[in-house]
Amino acid sequence: MTPEHKTIYFKEYAPSPYTITDCTLEFIIEEASTRVDSVMEIVRQNPDARELRLDGEMLDLELLWVDDVLYDETMFRRDEKFLYLPMDCDRARVRIINRIYPDQNTELEGLYRSGGIWCTQNEPEGFRKITYFIDRPDVMTRFTTKIIADREKCPVILGNGNLRGTAVLDNGKHLALWEDPFPKPSYLFALVAGDLGSITDTFTTMSGKKVDLAIYCDRGNEAKCFHAMRSLKKSMEWDEVTYGREYDLEVYNIVAVDSFNMGAMENKGLNIFNSHYVLADEESATDTDFLGIESVIAHEYFHNWTGNRITCRNWFELTLKEGLTVFRDQCFSADMNSARTQRIDDVRALRERQFVEDAGPTAHPIKPDHYIEINNFYTATVYEKGAEVIRMLHTVLGEEKFRHAMDRYFATFDGQAVGTEEFLWAMQSESPVDLSQFKRWYSQERTPTLAVSASYEGETKRLKMRIEQKIPKNTRNEEQLPYAMPLKIAFLREDGTEYRIKTSDATLLHGEVLWIEKGVSEIVFDGIDALPRLSLNRNFSAPVMVECDGIDYPFLMARESDGFVRYEAAHRFGIETIEAMMRGETVDERFIESYGEMVRDETIDPMFKAQLLELPSITTLMQRQERIDVYAIVDAQETLKRALASRYAALLRTQIGGLFDPSCSAVDGASMGKRALKNRLLGLLMSLQEEENALLCVRHYEESASMTERLGALELLENYAPEHATAALEHFYRRYRDQTLVMNKYFAVRASSRREGTLERVQSLLADPAFDIKVPNLVRALIGSFARNPVAFYHRSGEGYRFVAGKILELDAINPQIASGLAGAFKNYARLSSGDQMLMGRELERIKSHPDLSDNVYEIVSKILGAV
């Protein structure tokens, strides 16, 4: 029987007719099952309500009382998703005892077991798989939780809030009582029980209160938690200094688990993390891992105020907490490291993930108006584009007024579930411009383009600029309206200095930011005494694409002071060079020369130089093609690499030698920058596929103390020197086969290979003892990396499509959330050639027609097929 896939619409949202003010829970954790005893204080909010509906899935109901009256099955009704109780009163106490089976929970939502650890994941709708409840974010409840478990198997038992007591019981068990004084939605409930190691520390808040900190992990991994602890303490201090937000509980606990669908979860006082974002040491983690841990630790901590104390009213408002908190963690990372390189990394990630999403069949606004499965909307659009919308508000208001607006938001809505309208109300209170039109960023989808042209009049010393907003139609083929946005610009003299911007034709914010509202803006700038170079969308002030024929790429690559625009000039020049080569033109000598100037320039910070020297990715170039041709892209890209490497081979070898410090594995900014630049230059050199360079790469693999350099060399050997890669891969496997997090890297290297035969090698690795299809990190590393590998996935045989489709169906029966994530690999279906489209379409239809297909996968696949 084909399941029904129901669409849920924002317009149908209504407040819950009942709420739950308090809930007392008792968990008795046993080997085969867990008994849950829940006592809920129910309050009627809608006087016309007569029936209480509680969410509940996969629960064995044992007993039910209402106001101490034991109910039999004739006194209520229930189905697979809900329990219905007659309730014509303003207050009631409902007690429910049910049983759940964590070992059988492969979806990893609700209470499940990861190795020997019992843990929870309840966002967005997992709590209904623990016990019956009004499981929605606008029902905010004070929870008290008693957890009873075996002392030997579960010496550690953790819950939300503050620890209020422990006791040893007579039957080999013990208990802990946790109380969270702050009302919260059920998605923030958390529980952990198991035999865990830990590290501890303390933090003293700005008011002098001492907070006990702990990070829990599998025993033996304690030494890998110290970077996470340092990151946590830096986050707590930063939020006090930057936003005046102090932590509000007596304890802050973090638990790292291997099996986790997401990156981490901000449960009040008890964060549960994917171990990838906690565990790191210099032997096993890359520089990217260290930076990622710092960022994600901060993100989850910042949620305490932007997500927990103030949460979203419904799941359509998800960007309220996620977009804002991503912006906050990006600013934190910029302050901890380099603001310039952090901004470029943020933009690169947005373009690689969100721009692709926005251009495809699964495009949606940051505040979607409908969904089938809410898990499908934990997306780059809601998170990263949502963060860019917040950043635009920060640009418009400026640092001081943005802080004032945030203070008003916290003061007004603390303890409430609200929507984006409330947040924008706070922003408008400090904004120098009307934000009514700006709200379209929340309701419209796809990425707008600004078409910019300029003409200069020497006699009047005026520059005339025309800015046209090109707004794509949405996924329903409907017209969309112009946006309001800040556009930061500069006009540069020959020596790179800036003209003062003077105009009476547009609102100018903070002296250099244009406020753009019209579909077409024509603006005259005065006081410019010579033809200037244009610097547009500085610091990526708006999440748009910019088209302008008057950009002097070599000049900006050499003299621009804005880090993003300098990077953008190199990036766009690279794109245009590769696309010209794909049309049959020769390599642009101007690009070769400009690239060489950047290589030779020793005044550029190494990390920034590594970013400047990065050539456009296959994904970036695919976005620009009407009909995708991966082979043409790769051929042109590799040809350009060889041209650059041939021209500058001696210089590259010299610089690589100067940058390589095999004994250094420090994770300070200078050391990370040198490694990033060295790996970039070595990648160019390896494209020549010469033995001398291959032996140099082997040496870097064998001698480096840093995982960043070892892994970088391994990837290059796999792609350019397979005759040397075999021994290195075997060595890497032997060395790390018992370390799951490092084996994720191994599987990713194998699955990301551009060499022929990658699919066959990936298929054989499915049977490797280190691989487990029930562990999301391993699935993402092996199958996910293959699906993101354009050369292997888009192979002309169509076997890549067939392989991934088969794995989606297999995973859908185990973990639909992970399966739907893989389904996004097919998003370019509508832009393939007719032959490739036929091959991919066959697999998409096979998925869609599969019996008992989850809502998660159905929603993604049906949108992809519907785009043709």
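This is a predicted model: local features need pLDDT of at least 70, side-chain atom pairs count only at pLDDT 80 or more; totals for chains, interfaces and linings use all residues.
Student: How many residues lie between β7 and β8 in the hairpin?

Tutor: There are 3 residues between them. Within the pairing, arginine 78 stands opposite leucine 83 of β8.

Student: What else pairs with β8 in the antiparallel sense?

Tutor: Strand β4 (residues 51-55) does, over 5 bridges. Here leucine 54 is the residue opposite leucine 83.

Student: And how many residues of β8 are buried?

Tutor: Of the 5 residues in β8 (residues 82-86), 4 are buried, so the strand is largely enclosed by the rest of the structure.

Student: Switching to the open sheet of 8 strands, what's the order?

Tutor: The order is β6-β5-β9-β3-β2-β12-β15-β14, and the pairing is mixed.

Student: Which strands stand at the edges?

Tutor: Those are β6 (69-70) and β14 (162-168); each has a single partner strand, so one side of each has no neighbour in the sheet.

Student: How many bridges join β5 to β6?

Tutor: 2 bridges, with β5 (residues 60-66) and β6 running antiparallel. Valine 66 sits opposite valine 69 of β6.

Student: What about the loop between β5 and β6, which residue lies there?

Tutor: Aspartate 68 lies in that loop. Its phi is near 70°, a positive value in a residue other than glycine. Most residues other than glycine have a negative phi.

Student: Is aspartate 68 buried or exposed?

Tutor: Aspartate 68 is exposed, at a relative accessible area of 71%. Asparagine 537 also has a positive phi, near 55°, but asparagine 537 is buried, with 3% relative accessibility.

Student: Where does asparagine 537 lie?

Tutor: In the loop between β31 (533-536) and β32 (545-547).

Student: On to peptide bonds. Which one is cis?

Tutor: The bond from glutamate 123 to proline 124 is cis, with omega near 0°. Proline 124 is in the loop between β11 (117-121) and β12 (142-150).

Student: Last topic, the largest nonpolar core. Which residues touch the most other members?

Tutor: Tyr409 and Phe826 do, in a core of 290 residues. Helix α5 (residues 380-413) gives the most to this core, with 15 residues.

Student: What is phenylalanine 826 in contact with, leaving aside neighbours within four places in sequence?

Tutor: Phenylalanine 826 contacts Phe793, Tyr801, Val804, Ala805, Ile808, Met840, Leu844, Ile847 and Ile864, once those neighbours are left aside.

Definitions and conventions. Residues are numbered from 1 along each chain as its sequence is written. Side-chain values use heavy atoms; hydrogens and water are left out. A nonpolar core is a set of buried Ala, Val, Leu, Ile, Met, Phe, Trp, Tyr and Cys residues joined through side-chain atoms within 4.5 Å. Buried means under 20% relative accessible area, exposed over 50%, partly exposed in between (1.4 Å probe, protein chains only). Contact means heavy atoms within 4.5 Å. Two strands pair if DSSP finds at least two bridges between them.
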